[in-house]
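Good morning, colleagues. Please look at the model on the screen while I go through its helices, its core and its aromatic residues.

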Amino acid sequence: MDLRLWKQRPELEKRLKNIERIMKQQVQIDDDDFKKSINELINGSGKMLRAAFLMLFTEFGTQKDEDDYFEKVAASVELIHLASLVHDDVIDKSDLRRGVTSLNYKFGERTSIYLGDYLFVKYFHLVLDTLPSKSDIKYNVSGIEGIIDGELRQNETKFNPKRTEEQYLAAVQGKTADLFKIAAGNGAIISKADKKIIQLSEQIGSEFGIAFQLRDDLIDFEDTEEEAGKPILNDILDGVYTLPVIYAMQTVYHDELFAILNKKDQLKRADLIQVKVIVKESGSLNKTHAKMDEYHRSIEKMINQLPNNNARKVLLKLVNKLFN
């Protein structure tokens, strides 16, 4: 778990470590190799942004935490995220996940799908054990439905060089933004915040998720693999054309870029390098940055409408650190 982002808030860092412990407690699978590999993924749980989001938004309600209740709900959100990553690795045929060998590489596609399903089930167990009402459970289920819808929307436009900005944003809303929306919304709901705060929290989570995906897509073109900490340009190999590519297709480089992308799954490394050059020279990275900045300003404006407490200050620092 990389918690450097939270070093300035030790109480949150401590709670995130406890959330990680709760996640590991859910892994009761008999096979030692499976259990060890899943725990390795949990150990490498990144910044745990979704769990941190949920915990921060609990500070805008009146209900205080008892018996790690908030942390168990946060653990469920991280589990569903982890489950989706395991399935993504199967689809993308990825060998690495969070710096460790992927389940897909270790155990093959069939077993990895089942292990991802296992984590989905563990998510629902935690949701059923922690959330107090049927409406709260339906709220989470509808969010998962949105995530799957986003993945399906993305799949519909794979290897389509005519993919539009609207199609891109519709997919991102589901596959990335909806889980941040669930995290922020859950935090406000379980802490018994008022209705306006819940709605505001959901909107912040949703727009944060879109901005976060835009940031991730920019990293693909601006960082080396060492800087990014992951393979870059894999989206292009998989036929997923993100906003920098979509914008580049709207410039004078359209024909040149189209000819490369039209090779589809026959792309070579040299083709990827050329796509990266075209995207940079087309000015589409600046345009994508401008789009991310729009969301950044909107998120800041909404956060400033939340009650003025320490959590609000942390959220403002977080978005400025990630999106500046």
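Helices here are DSSP runs of H or I with at least four residues, strands are runs of E with at least two, and both are numbered from the N terminus. The model is a predicted one: local features need pLDDT of at least 70, side-chain atom pairs count only at pLDDT 80 or more, and totals for chains, interfaces and linings use all residues. Residues are numbered from 1 along each chain as its sequence is written, and side-chain values use heavy atoms, with hydrogens and water left out.

I begin with helix α9, residues 195–222, which holds both Phe 208 and Phe 212, four residues apart, about one turn of the helix. In general, an α-helix has 3.6 residues a turn, so residues three or four places apart point the same way. How are the two rings arranged, stacked or edge-to-face? Rings of Phe, Tyr and Trp (its six-membered ring) pair if their centres lie within 6.5 Å; planes under 30 degrees apart are stacked, over 60 edge-to-face, and the rest tilted. By this rule there are ten aromatic pairs. For Phe 208 and Phe 212 the ring centres are 6.1 Å apart and the planes are at 15 degrees, so this pair is stacked. Both residues also belong to one aromatic cluster, together with Phe 53, Phe 57, Phe 60, Phe 180 and Phe 323.

Phe 208 and Phe 212 are each buried, a term for under 20% relative accessible area, with exposed over 50% and partly exposed in between (1.4 Å probe, protein chains only). Leaving aside residues up to four places away in sequence, Phe 208 touches Phe 53, Phe 180, Ile 299, Leu 318, Val 319, Leu 322 and Phe 323, where contact means heavy atoms within 4.5 Å.

Next, the core. A nonpolar core is a set of buried Ala, Val, Leu, Ile, Met, Phe, Trp, Tyr and Cys residues joined through side-chain atoms within 4.5 Å. The largest has 97 residues, and those with the most contacts inside it include Phe 53, Phe 208 and Phe 323.

Finally, two loop residues. Asp 68, between α3 (49–57) and α4 (69–92), has a positive phi of about 60 degrees although it is not a glycine. Phe 159, between α7 (134–156) and α8 (165–190), likewise has a positive phi of about 60 degrees. Asp 68 is partly exposed at 30% relative accessible area, and Phe 159 is partly exposed at 24%.
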